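Good morning, colleagues. Please look at the sequence and the structure on the screen, and I shall take you through several features in turn.

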Amino acid sequence: LGGGVSTYGYVGGNPISGSDPFGLWDTDTHTRLFYAALGPCGVSPTMIAAIASASALWDSQTGLSPAMSNWHAMAIPGQSYEDAIQGTNQDISTSLRLAQNDWTLIQNANGGALSSTYAAFIMDFARAGHALEDSTSPAHRDQDGLPYTWPSFPNALFHGDVLRSYSHETWAQMTPDLLQKNIDMVQNAWGQATGNKCGCHK
């Protein structure tokens with residue numbers, strides 16, 4: 001990564017054991033999902049770690065802001081379900097379009113791309129992947145796929161690592177079906193951003 005990307009900085013050098021006090025799916029779960037999805041795509045462990053770290057940083061910067069709720073697959077106060085879902089989809093599409101542009105620049109540079117371009121790609125893809133993963137969280141959307149409003153009570157108690165005894169967002173809540181759904185979505189997003197298909201999307 002040209003020395004320009006800190007791969008583990010947010011979680012103290014270990015993205016698997018790190019936790020996000022503001023989190024949505026907790027940091028451990030987001031990280032496991034990125035590895036489960038991108039490892040079979042041939043993405044290097046270093047790049048996956050960088051994406052997971054960027055995802056955690058994005059969470060820490062925006063996870064508590066009601067105005068940023070759509071970025072985390074939730075509804076802004078007063079927003080309709082339809083507008084919230086559309087907002088999340090637009091945020092994901094914008095991030096993937098930016099990531100695709102970043103990736104094109106990297107490929108055209110033939111190994112000479114600036115580290116800032118790599119960093120931009122990693123953050124843009126991390127934002128998209130994070131939102132996709134959050135859309136499967138039982139604390140973000142109900143069983144019909146309708147987004148909860150952030151913040152709202154008692155839903156706010158069920159998030160991430162703040163009150164772990166109440167959290168609905170640890171790896172313990174990850175079912176095989178949810179895991180496969182996340183893998184499929186993140187792999188599809190990777191294909192959109194890079195043109196490199198993987199898994200069942202070949």
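The crossing of α3 and α4 is left-handed. In this predicted model, α3 and α4, the latter covering residues 115–134, pack at an angle of about 150°, and their axes lie 8 Å apart. Since an angle over 145 degrees counts as roughly antiparallel, that is the description that applies to α3 and α4. On the α3 side, the residues making the contact include Ile92, Leu96, Ala99, Trp103 and Ile106. From α4, the contributors include Tyr118, Phe121, Phe125, Ala128 and Leu132.

I turn now to the cysteines. How many disulfides does a search of the whole structure find? The search returns one, and it joins Cys41 to Cys198, with an S to S distance of 1.9 Å. Cys41 sits in the loop between α1 (27–38) and α2 (45–62), while Cys198 belongs to the segment after α5 (176–194), so the pair ties together parts that are 157 residues apart in sequence. Both Cys41 and Cys198 are buried.

Next, a point of backbone geometry. Ala73 is not a glycine, yet it has a positive phi of about 60°. Ala73 is found in the loop between α2 and α3 (81–108). Is Ala73 buried or exposed? Ala73 is buried, its relative accessible area being 0%.

Finally, a word on confidence. The protein chain has an average pLDDT of 82, and 76% of the residues score at least 70. Over residues 1–23, however, pLDDT stays under 50; for this stretch the model has 54 contacts beyond four places in sequence.

Key:
Residues numbered from 1 in each chain as written. Predicted model: local features only at pLDDT ≥ 70, side-chain atom pairs only at ≥ 80, totals over all residues. Heavy atoms only, no water. Disulfide = S-S within 2.5 Å. Helix = DSSP H or I, 4+ residues; strand = E, 2+ residues; numbered from the N terminus. Buried < 20%, exposed > 50% of the residue type's maximum accessible area, 1.4 Å probe, protein only. pLDDT = per-residue confidence, 0-100. Contact = heavy atoms within 4.5 Å. Axes fitted to C-alpha atoms, helices over the stretch in contact; angles between N-to-C directions. Parallel < 35°, antiparallel > 145°, perpendicular 65-115°, else oblique. Left-handed = near helix turned anticlockwise from the far one by under 90°.
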